[in-house]
Amino acid sequence: MNFSRHISIAALAVSAIALPIAAIAQAPMPKPERVQFAKGASSKAIKGTIKGDQSRVFVVNLRAGQKVSVKLVSSNASANFNVTAPGAQQAMFIGSTSGASFQDTVPSSGDYKIDLFLMRNAARRNETANFTITIGATG
């Protein structure tokens, strides 16, 4: 009985320590920003700044067969973006391996997510990136 009581107390102590560490390690998810083009426009340029582990998430609604383009210009080479199709678990474009410009014809209709972030090395150093990300769609 005494042994199981010690085990329970130890398990409780470990969970009390692990929970705050897990919360600290995970940056809060940014609120997605809906991208809408001005009347008659087929693209939108968004300027801003991210620092450390901050990120921005942009959502654009596209129709199957539309051509989408995303271009990132940043003051920090460690700034990147990924593009994820609606309902997908993995990105269809990974900026850290494919560059700062993406163009493709989208295969399905729905909300496409564009995650803008600093690579881990820059985020750990709490670096800043001033950026302009241009999102476009035609067709």
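Where in the chain is Asp115 found? A few notes on this one, point by point.

1. To start with that residue: Asp115 is found in strand β8, which covers residues 110–118. Bear in mind throughout that this is a predicted model. Asp115 has a relative accessible area of 17%, so it counts as buried, the cut-off being under 20%. Setting aside neighbours within four places in sequence, Asp115 is in contact with Arg56, Val57, Asn80, Phe81, Asn82 and Thr84. Its side chain also meets that of Lys113 in a salt bridge, at 3.9 Å from N to O. Lys113, at 34% relative accessibility, is partly exposed, whereas Asp115 is buried.

2. Stepping back to the overall layout, the protein chain has three helices and nine strands. Reading from the N terminus, the order is α-β-β-β-β-β-β-α-β-β-α-β. Of the contacts with a separation of 6 or more, 77% are between residues 24 or more positions apart. Buried residues account for 30% of the 139 residues. The accessible surface is about 9000 Å², with 56% of it belonging to carbon and sulfur atoms.

3. In soluble globular proteins, nonpolar side chains tend to be buried together. Here the largest nonpolar core has 26 residues, and those with the most contacts inside it are Phe58, Val70, Phe81, Ile114, Ile133 and Ile135. Strands β2 (43–51), β3 (55–62), β4 (67–74), β5, β8 and β9 each supply at least two of its residues. The largest share, five residues, comes from β9. For a closer look, take Phe58: apart from neighbours within four places in sequence, its contacts include Val35, Ile46, Tyr112, Ile114, Leu116, Phe131, Ile133 and Ile135. Glu33 and Lys113 are also among the contacts of Phe58.

4. How many aromatic pairs does a search of the whole structure find? There are two. Phe81 and Phe93 are stacked, with 5.1 Å centre to centre and 25° between the planes. This pair links distant parts of the chain, with Phe81 in strand β5 (residues 79–84) and Phe93 in strand β6 (residues 93–94), twelve residues apart. Both Phe81 and Phe93 are buried. Phe93 also pairs with Phe102, this time tilted, at 4.8 Å centre to centre and 45° between the planes. Phe102 is buried as well. Together the ring pairs link Phe81, Phe93 and Phe102 into a cluster.

5. On charges, the count comes to four salt bridges, one of them being the Asp115 and Lys113 pair from the opening point. Another joins the side chains of Asp111 and Arg34 at 2.8 Å, N to O. That pair links distant parts of the chain: Asp111 is in strand β8 and Arg34 in strand β1 (residues 33–34), 77 residues apart. Asp111 is partly exposed at 31% relative accessible area, and Arg34 is partly exposed at 45%.

6. Last, the loop between α3 (120–124) and β9 (128–138), where Asn126 lies. Most residues other than glycine have a negative phi. Asn126 is partly exposed, at 44% relative accessibility. A salt bridge joins the side chains of Glu127 and Arg125 at 2.7 Å, N to O. Glu127 is partly exposed, at 23%, while Arg125 is exposed, at 53%.

Terms used. Residues are numbered from 1 along each chain as its sequence is written. This is a predicted model: local features need pLDDT of at least 70, side-chain atom pairs count only at pLDDT 80 or more; totals for chains, interfaces and linings use all residues. Side-chain values use heavy atoms; hydrogens and water are left out. Helices (H or I, at least four residues) and strands (E, at least two) are DSSP runs, numbered from the N terminus. Buried means under 20% relative accessible area, exposed over 50%, partly exposed in between (1.4 Å probe, protein chains only). Contact means heavy atoms within 4.5 Å. Accessible areas come from the Shrake-Rupley method with a 1.4 Å probe; for residues, only the protein chains shown count as cover. Rings of Phe, Tyr and Trp (its six-membered ring) pair if their centres lie within 6.5 Å; planes under 30 degrees apart count as stacked, over 60 as edge-to-face and the rest as tilted. A nonpolar core is a set of buried Ala, Val, Leu, Ile, Met, Phe, Trp, Tyr and Cys residues joined through side-chain atoms within 4.5 Å.
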